[in-house]
Amino acid sequence: MSPNLQTPPKPVLFLVLDGIRPDVMRSAIRDGDAPALGAIAERGEARWDAVSVFPSITPAATAAIATGEPPSGTGILGHAWYDENEDEIVVYGAKTETVISTGPIKVLHNNVWRMNRDDLIAPTIFESLDDLGVDAACVHFPVRRGPHEHPVRMKTVEGYLKGSRYLSPSVSGPKEYFLGDLFYSTEFGTNGRNGNGGFQRAVGINDEYAAEVGARLVAEKTTPFNLVYFFHGDKVAHHKGIAAQRRHVTKLDGFVSHIMDAAGGVDEFLAENAVIAVSDHGHTPLLPRRRFVNLARVKGYKVSLGSRASFAAGADVVAVPNGRAALLYLRDASKSAGVADTLALRRGVDLASWREDGWVVVRRVGREMRFKPGGGATDRYGDSWEISGDHRALGIEVSDEAVHYGDYPDALSRLWGCLASSRSGDVVLSASPGYTFGEVSGGYHAASDHGSLHREDSEVFSIACGVRAPEKITEVAPTILAHFIEGEKGDVSPSSVAEGNVR
Ligand SMILES: [Zn+2]
């Protein structure tokens, strides 16, 4: 093992395409509607069954991507969770754009400041790369903690800073950090530098701007690692459905093409750079009617629900919906099985899960199983488990000590990676396809949602050239770190490129 000093590792462009389903991306590439992303897949490799975390929801998933840890390791459980110490619901908001255009200043604070600074308990890829002496850039990605301070650039926000208990004059990030008009470490002249984006215009946070900054970073070779995040494809699916998302991929591909053109086009770009593109979660279409599962009433228990939910008024359960997942915090955790039993029968609830004596227990359609790490049965990811009860509760088959997943990919590790967190609900719910628990605000999406353990919102695409395509989103950060540590060793070699790997 001698370090390869002759060939320094290629710069890495890392693209996160929020919420794009793997079948949507695959069909867009197959039909020629995504030639730039198709070129990456064809010359490198593509996985159409890579897996998100549980809950399969953006803050949890982006924190997992940025750190390589599941929610139990990052401390970021979802859009919202109940903070036992403060007796309050912490809301990060659905998306940065939504938060900033519609949300109160506290949500902006939680999303931009609190999540990274206070709640995220794992080191980020930006911090780990800095330890290796590798500078990085982050465009719009919500998890971006790093060693460099970036001042707020927008005058209207500077106004809020005076005398507010929320926000602060700067955030920490990688060497280069861009978030619309709020933060920009380099003046490329393409943003509303006087803060004229305004809150109603999402302070200039949009995918077009992200693509432009990405192109400038690639052209100027400012930093060896560039993360560019595109979020609009998730919003398109929420509001208009999967077919609309499929049409949107063409536009997304144009952004990717724009970035690669900054290096002279696809061939030149891929000759000089490694690239990974992943989505953070999938999407499940919702029923046109009666898709909302209201957790306000649970027979036999007093429930507190909403952005001010608390145990203060004598509630038994604080319920925190997270799209197609829900976190239920109990005053008395010994009642977990009872609450789970009651809710598992509810229309729209697919499964309920809770902790019991060192096990995680799962109840689905009258079936029950329990599991914990460390037994003799091994899954395709190399994790081993002790399992008892009816495996069909999680659609699992076990033969010759091998665990085979069905409709709930990587279910054991993902459930464990939620429930093992002290910030998880005592009981967690996953919705049936077609249903949603909505958001803390009480609203719910029109066409499609995500968050569940089911494959529809759990599977993601992963395409890469010059590095291995990760099998799960928690493998992204380790893959990128290994690339910079090991250089060209073990990369996809040019001779294997001709075969392609896109099916
Ligand atoms: Zn979403």
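**Close-up views of a predicted model**

**View 1. Pro55 sits in the loop between strand E2 (45–51) and helix H3 (58–67).** Here, helices (H or I, at least four residues) and strands (E, at least two) are DSSP runs, numbered from the N terminus. Look at the peptide bond from Phe54 to Pro55: it is cis, with omega near -5 degrees. A word on reading these views: this is a predicted model, in which local features need pLDDT of at least 70, side-chain atom pairs count only at pLDDT 80 or more, and totals for chains, interfaces and linings use all residues. Residues are numbered from 1 along each chain as its sequence is written.

**View 2. Asp87 has a positive phi of about 50 degrees, although it is not a glycine.** You will find Asp87 in the loop between strand E3 (80–83) and strand E4 (88–91). Asp87 counts as exposed because 12 other C-beta atoms lie within 10 Å (exposed: 12 or fewer, with C-beta atoms placed from the backbone).

**View 3. Val365, a residue other than glycine, also has a positive phi, near 35 degrees.** Its loop joins strand E17 (359–364) and strand E18 (367–378). Val365 is exposed too, with 11 other C-beta atoms within 10 Å.

**View 4. Residues 193–200 and 488–503 have pLDDT below 50.** For the chain, pLDDT (the predictor's confidence in each residue, from 0 to 100) averages 90, and 89% of the residues score at least 70. Over residues 193–200, the model has 17 contacts beyond near neighbours in sequence (contact: C-beta atoms, placed from the backbone, within 7 Å). Residues 488–503 have 21 contacts beyond four places in sequence. Where pLDDT is low, the predicted coordinates should not be read in detail.

How values were computed: Buried ≥ 20, exposed ≤ 12 C-beta atoms within 10 Å, placed from the backbone. Contact = placed C-beta atoms within 7 Å.
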